[in-house]
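Hi,

Here is the structure I promised to pass on. Have a look first, and my notes on what turned up follow below.

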Amino acid sequence: MTAHTLGRLIGRLILGLAAFSAIFPMFWTALNAFKNRVDIVTPTPLFIFEPTLDNFAYVLGRESVFAGLVNSLLISGAAVLIGAVLGLPAAYAIARYPNRWSRDIQFFVLSLRFLPPVAIAIPLMVIWLDFGLYDTRLSMIVTYSLLTLATIIWLSVPAFARVPKEVEEAARVDGYGPYAIFFLIALPIALRSLIGAVAFAFVLVWNEFLIALMLTTSDAKTLPIVASELTQLGRDVPWGILNASVVLLSIPPLLFIGVLSGMLNSAFKRKIQ
Amino acid sequence: MKQKNSLPAVFLTPAMGILAVLALVPTAYAIYISFQNRELSRPDGSFIGFANYIDLFSDRRFVNAIGVSLTWEAVTVGMTLLIAVGLGILLFECVSPRTRNLLALLFLVPVILPRVSAAFVWKFAFHPLYGIATYPYKAITGQPLDLLSNPATALATVALVDVWQWGLFFAVIVLKLLETLPPQPFEAAKLDHARTWEIYAFIALPMLKAPLISLAFVKMIESLRAFDLIYVMTRGGPGIATETLDMYAFSQGFIESGRISYASSMAVLMMIATSIAFTFIWKRVQ
């Protein structure tokens, strides 16, 4: 009994440490974002200091950061929209109308995730250069649509499969056609998981780095690229500005944390009972 | 339903068409340029057959990059799963459902962070002079600790960040998987006075074998995409200690010499290797 209690105590301690490691680094970065340079570059880490908004003002005032933010929002938003409009119906068709190709289609969609990003980015760079579309938002949107489409299909197939068949049968008996069943029955019922899938696709392209690095040079640069350039600023590193830009880059994905956790919960709902 | 239903064709064709074009055209083009001697500064190249591929095998940096990539895969996949299973079981055993949900939410934070952010957060934490992670060592020994500039520790340090991002996330998934298991076998085992670790080792984990293999599979694919972490934290350095295949392909194609065709041949080999490996594993998982 005592051994059991002790075990639980140690287990809780380990979990506490893990939770601490999960959030403390980001908390520390956020704290540093409000510090003056002298408060960051100290031999002893400072928890109490005079906060400043200069770093954020500087970051948001920089033209490159602002342009990166706009690019990221437009490119990620458009790619997610295309992925959702085309991907959700496709996922529904795969889930509800299985045929002899369904497994192959699913494997094809998954296999797109195996492709090393370099293998895609190099030829795409050459192709976009040839089309005169290199370093444009359009080429980035098209490229990212590949990512969002594959991801949304992959995550939405199980979400549609979990919609009870009986509900759709009942609607059919009531005279609903196949399209009406999709839009009026399946889509609303699966909505929570579908929003999760779409949010995940957004986080994925918002965070994407390698393809953006290779396919943009100035006009269509996304925020991760701009942020990474700030981190390479030679000797006299503006640490506060760096921390502020990292915080800024991380806010949009973190906004989706509730949605993503909801998607996990519905994906792993106990099937028996 | 006698009438033929148009929905599958209408819903599937556009998405599959776009995916096929977007995936197959670059793939075919990658193979096409890998047989040329195209460079960034010279748009026109000529066909040189398999020369790029042959050159690769006498390229010591390429061989090194294969080694780094394989080490990276083994370390990050292994550690992620170990941490995920360990923390997942602790979450299931040691805390109340409410605390469990709160912790699960916190454990999602690292994986949602952009990799560039995660990489920078830790790069600064490991800074030899001002880093919070190296501070305890510096305070005790009086010496700065520079893990990222040391060839012996650089790869492990970057791997730590990857495992931090994925291990905590997978712990949440392991927890959810444990929650879906039927409770009867556990109760039976408890009646037989099985110890807790025995219940997990002999009942729970074997029941979860298939999903755990799928998790390993997902992590193997994700580990191949660690470019951003390595790029921001070490840029392949010190020397070539953390230069993975995609990092090397990138520096050959863009930073150093602009040899796109050479980089492309490397990418094609990676593509073939991963396709074969993952198709094989996928068929076994199914």
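Let's start with Thr148(A): apart from its neighbours within four places in sequence, Thr148(A) is in contact (heavy atoms within 4.5 Å) with Ala79(A), Val80(A), Gly83(A), Ala201(A) and Val205(A). Thr148(A) sits in helix 7 (residues 137-161) of chain A; helices are DSSP runs of H or I, at least four residues, numbered from the N terminus. Thr148(A) has a relative accessible area of 0%, so it counts as buried (under 20%, with a 1.4 Å probe and protein chains only).

A word on the basis: this is a predicted model, where local features need pLDDT of at least 70, side-chain atom pairs need 80 or more, and totals for chains, interfaces and linings use all residues. Side-chain values use heavy atoms, without hydrogens and water, residues are numbered from 1 along each chain as its sequence is written, and chains are lettered from A and ligands numbered from 1 in the order written.

Now the interface. The contact takes 92 residues from chain A and 90 residues from chain B. Together the two chains bury about 8,200 Å², 79% of it on carbon and sulfur atoms (buried area is the accessible area, 1.4 Å probe, that two parts lose on being put together, summed over both). Leu15(A), Phe114(A) and Phe268(A) supply 8% of the area that chain A buries against chain B, more than any other three residues.

There is one salt bridge between chain A and chain B (a side-chain nitrogen of Lys or Arg within 4 Å of a carboxyl oxygen of Asp or Glu). Arg38(B) forms a salt bridge with Asp130(A), their closest N and O atoms being 4.0 Å apart.

Cheers

Terms used
Helix = DSSP H or I, 4+ residues; strand = E, 2+ residues; numbered from the N terminus. Buried < 20%, exposed > 50% of the residue type's maximum accessible area, 1.4 Å probe, protein only.
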